[in-house]
Each structure stands twice: as C-alpha cells, then as structure tokens.
Amino acid sequence: MTARFLPYSTRPGRFAAQLLSDFAVVIWTAIWLFIGLAVYDAISTIAEAGRQVESGAHGIAGNLASAGNSAQHIPLVGDDVSKPLTSASQAALDIAGAGHDLDTTASWLAVLLAMAVVALPILIAVLPWFFLRLRFFRRKLTVTALAATPAGEQLLALRALTNRPPRKLVAIAPDPVRGWRHEDPFTIRALAALELRSAGIAIRGF
C-alpha cells in the first residue's frame, strides 16, 4: 500500500501527532474495556450464586423425592411420611427455579451494565477520532490527485491563495496572485505545495 492510501500525514510533526492520538484512543478504549470487564465480573458473581443455588436445590429435591418414594413402602404410615418429603422436594424445586431465574437475570444484567458503562466513554473518544481521521484521509486523496495534474496543481495554488494566511503567501513571492495569473511554474508549484502541507502532505524542495 502506497503512502497515498494510508490515513497518515507525510509531515513528521503531524504524523507523530496522529500516532499519538491513535495510541491515546487505544489506551482509553483498553481502560474502559477493562472497567467493563470488571463490572461484568462483579455482576456475574450474582449469577454464579444463582447457579449454585439451582444446583444445590436440585440435588436436595432429588434426595427428598427419593426419600418420599421410599417412605411410601413403609407399612401403615407410608403415605403420612411420604407427603411431607414430597412437599419439601417440590419446595426445593421452587428454590431451584428461583436460582435459575437469578442466574439468567444476573447474566443479562452483567452484559447490559458492562455495555452501558463502556459504550459512552469509548464512543466519546472514538467517534471524533474516526471522523477527523476520515476527513483527513479524504482530503489527502483529493489533494494528491489534484497535485498529479497541471490543472489540478493550478487549482491547489488557487486554493492556497484563498485559504492560506497572507504572511505565508508573501513568503513565496512578493505578488503571488500575479505569479498565479501569469502561470509562473515556480509560484504555482510553491502555492500548491503550501496547500498540500496544510493537508499534511510534504513535497521535497518546498
């Protein structure tokens, strides 16, 4: 991939600033992802407690149901002994269901809270960074395409006359407008280079 298609400036100072902004966005994103994972882990402990309750209650329900079935074989009092055990088994199953609901709810809550904590800070940093980098990249493609043709170079020179500060224009030539009108090659190239530098592109010799 050529330098033209990279979203970075060819001017060392601006290139360093862009790399620094990339690094800052990556670090910021990583910090908030770490915070989001911490929130997720904290809420997930509730879900784990629900799973443990569900597992333990199922085990107790199974034991009570087995004991109730065995008690039915006791002569004379089998039914009387079996009924409380069966009722206790059903109560344990209800507790297991509550544990399952707690597990499900806490698992979803962990995801939602983690996303809620992470999304806004990351978007606040990433969206402006992405917008500025995309705008820079589109401008870079446009001006480099213009600089590749004589007519485009003249257009860049005209843009420099329109957009750049007067002190920079006078530094190129005492009367840069006259030079542009008379199609002076040096003036036009110097003005185009000035416009390119404003877009983050350096040209050797200017």
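1. Arginine 139 counts as partly exposed in this predicted model, because its relative accessibility is 28%, a value that falls between the 20% limit for buried residues and the 50% limit for exposed ones. Its partner is glutamate 195, with which arginine 139 forms a salt bridge whose closest N and O atoms are 3.4 Å apart. Since glutamate 195 lies in helix H6 and arginine 139 in helix H2, the pair ties together parts of the chain that are 56 residues apart in sequence.

2. Glutamate 195 itself is buried, with a relative accessible area of 0%. A salt bridge also joins glutamate 195 to arginine 164, and here the closest N and O atoms lie 3.1 Å apart. Arginine 164 is placed in the loop between H3 and H4 while glutamate 195 belongs to helix H6, so this pair ties together parts that are 31 residues apart in sequence. Through shared partners, salt bridges join Arg139, Arg159, Arg164 and Glu195 into one network.

3. The count of salt bridges comes to five. One of them is formed by arginine 133 and aspartate 22, with 3.0 Å between the closest N and O atoms. This pair links distant parts of the chain, arginine 133 being in helix H2 (residues 78-147) and aspartate 22 in helix H1, 111 residues apart. Arginine 133 and aspartate 22 are both buried.

4. On the overall fold, the chain has six helices and zero strands, and from the N terminus on its elements run α-α-α-α-α-α. Of the contacts in the chain with a separation of 6 or more, 70% are accounted for by residues 24 or more positions apart. Of the 206 residues, 28% count as buried, and the accessible surface of the chain comes to about 13000 Å², of which 69% belongs to carbon and sulfur atoms.

5. Which residues make up the largest nonpolar core? This core has 10 residues in all, namely Ala157, Ala160, Leu161, Leu169, Ile172, Ala173, Ile188, Ala190, Leu191 and Leu194. Helix H3 (150-163), helix H4 (166-172) and H6 are the elements that give two or more residues to this core, and H6 gives the most, with four residues. A second, separate core of seven residues includes Leu156, Ala192, Leu196 and Ala199.

6. Helix H6 (residues 185-198) can be checked for its length: at 1.5 Å a residue its 14 residues should span 20 Å, and its end C-alpha atoms are 20 Å apart, which agrees.

7. Just after H6, glycine 200 takes a positive phi of about 90°.

8. In general, an α-helix has 3.6 residues a turn, so residues three or four places apart point the same way.

9. Alanine 24 is also found in helix H1, and with a relative accessible area of 44% this alanine is partly exposed. The C-alpha atoms of alanine 24 and alanine 125 are separated by 9.2 Å, although the two residues are 101 residues apart along the chain.

Note on methods
Residues are numbered from 1 along each chain as its sequence is written. This is a predicted model: local features need pLDDT of at least 70, side-chain atom pairs count only at pLDDT 80 or more; totals for chains, interfaces and linings use all residues. Side-chain values use heavy atoms; hydrogens and water are left out. The expected span of a helix is 1.5 Å times one less than its number of residues. A nonpolar core is a set of buried Ala, Val, Leu, Ile, Met, Phe, Trp, Tyr and Cys residues joined through side-chain atoms within 4.5 Å. Buried means under 20% relative accessible area, exposed over 50%, partly exposed in between (1.4 Å probe, protein chains only). Contact means heavy atoms within 4.5 Å. Accessible areas come from the Shrake-Rupley method with a 1.4 Å probe; for residues, only the protein chains shown count as cover. A salt bridge is a side-chain nitrogen of Lys or Arg within 4 Å of a carboxyl oxygen of Asp or Glu.
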